[in-house]
Amino acid sequence: MKERANYMKTILRCLALSLLTAPSLFSSSPVAAIEIKNKEEAVASIEKRKAEMIKLSDQIWAFAETALREHKSSEALSRYAGQQGFNVERGVAGMPTAFVATYGQGRPVIGILGEFDALPGISQKVSPVKEPLEAGAPGHGCGHNLFGVASLGAAIAIKELIAAGKLKGTIRFYGTPAEEAGSGKAYMTRDGLFKDLDVCLAWHPATETQADVDSTQALVDFIVEFKGKAAHAALDPWNGRSAVDGLEAFTHGVEMLREHVKPTVRMHYVIVKGGDVPNVVPEYAKVWCWARDSKRAGMEVVLQRLREIADGAARIAGVESKFTIQSGCYEILVNLAGAKLLQQNLEWLGPIKYTEQEQEFARAIQRATGTEQKGLNGEIRPLKAPAPDPPGGSTDVGDVSWVVPTLHLSVTTAPESAWHAWPVVACGGMSIGHKGMMLASKTLAATMVDLFEDAKAREAIQAEFNAKTKGFVYKPYVADGPPPLPKE
Ligand SMILES: [Zn+2]
């Protein structure tokens, strides 16, 4: 035993010495040598599974199922998790496609989020010009096919280290449906599914690679319905009250409000129902709106104005209005200590290298979309200072981030051009997307190794979270009960 101990000491010393030449990432103590070893194993585990991960991601890309219809995608991911020895609980938080896969026991409990829903109407082949696979069908225009698989791959790498007795604690993968519409994670947060986590991780496909320090926008999703009185539009219009008049007065009010909100506010709407035929005074009209601001507090002020405008519009038209909040989400609560850890691991792994064919594919997309032909950017962006206001966009990861410290990463899976559009679908079904998925998976796994092994890193992340959420009470925008499920 003594000899073995000496042998181990020599090994550790050698590893520690070799690390002295590595950049500042890890200290040169023997403990750090063990950390590196586990990280290297996690990375090797993901690399070993590369073909399976690509296959799974391509399957989900082809399923292209929209919010709460992701039955085959959810099944593919949860089955794979089950095959790897995770304990899988399906149908959580009232959503048939939501699931939680757990492995291990005791603390720490580290969670990782995986999305898999697609967007309607943007079906696309793996082609650098717009070419639908099936006209009008959904497509993965936000890269969520890569998102779910990368996160699950990272969770499996950690599971293997736990199984081998090299890490202690619990790893939990969350299959989170309905990100693009419906805020699935808000239901999961409301039902307390994240509350026992020490730290949670997430990533998102992007046009650049960085540990995220910018927040996202708080969002509220609501509908306004107007109910009037039908009449013949020529014979006795004075006996009718037009619901469409109410709707038009409302949208006009929104346009007037636009001048008097802060530049951080966004308001957008579509008319869902605006009458049937011109010769009937319409008795029903419906508008679907989203409003956003940098912080939920600002969002609430705008929301109150929008309610008043709906009331006023109904009075103008002599009709009734009904204002219903459908869902919404918080802005992401950024964790800088966590972002630093992600950044260290990104830099340890290094940038994505693309082939000339991949760069040419990207430039062809940029030509087709009138974007500057810069090609793909696989470089790792240096950690920046957080901006006072986020760029446009929202995610239900925001809700999770207010109940558990959440680390967020972006990895390149497409070139700069149009997002939520065909170029992202095209790249997500080929090597450009796959490369981003693999780097995301490895970065998340390496960061989770740190979180399991380094109690101080966890404490720093938790201390920052506690300071930022002092006195905070989580109030979801989603209503009680399960979300409204789409009719199949
Ligand atoms: Zn997305």
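Student: Is His144 buried or exposed?
Tutor: His144 is buried, its relative accessible area being 0%; buried stands for under 20% and exposed for over 50%, with partly exposed in between, using a 1.4 Å probe on protein chains only. The model is a predicted one, in which local features need pLDDT of at least 70, side-chain atom pairs count only at pLDDT 80 or more, and totals for chains, interfaces and linings use all residues. Residues are numbered from 1 along each chain as its sequence is written, and side-chain values use heavy atoms, with hydrogens and water left out.

Student: Which protein donors does the zinc ion have?
Tutor: They are Cys142 through SG, and His144 and His204 through NE2, at 2.0 to 2.3 Å from the zinc ion. Donors here are N, O and S atoms within 2.8 Å of the metal (3.2 Å for Na, K and Ca); water is not among the atoms, so sites may look incomplete.

Student: How are the donor residues spaced in sequence?
Tutor: The spacing is C-x1-H-x59-H.

Student: And Cys142, buried or exposed?
Tutor: Cys142 counts as buried because its relative accessibility is 6%.

Student: Changing topic, what is the strand order in the open sheet of four strands?
Tutor: The order is β8-β9-β7-β10, with antiparallel pairing; two strands pair if DSSP finds at least two bridges between them. Strands are DSSP runs of E with at least two residues, numbered from the N terminus.

Student: Which are the edge strands?
Tutor: Strands β8 and β10 (320–329) are the edges, each pairing on one side only.

Student: How many bridges join β7 to β9?
Tutor: Ten bridges join β7 (residues 218–227) to β9. Asp221, for one, has Trp290 of β9 as its bridge partner.
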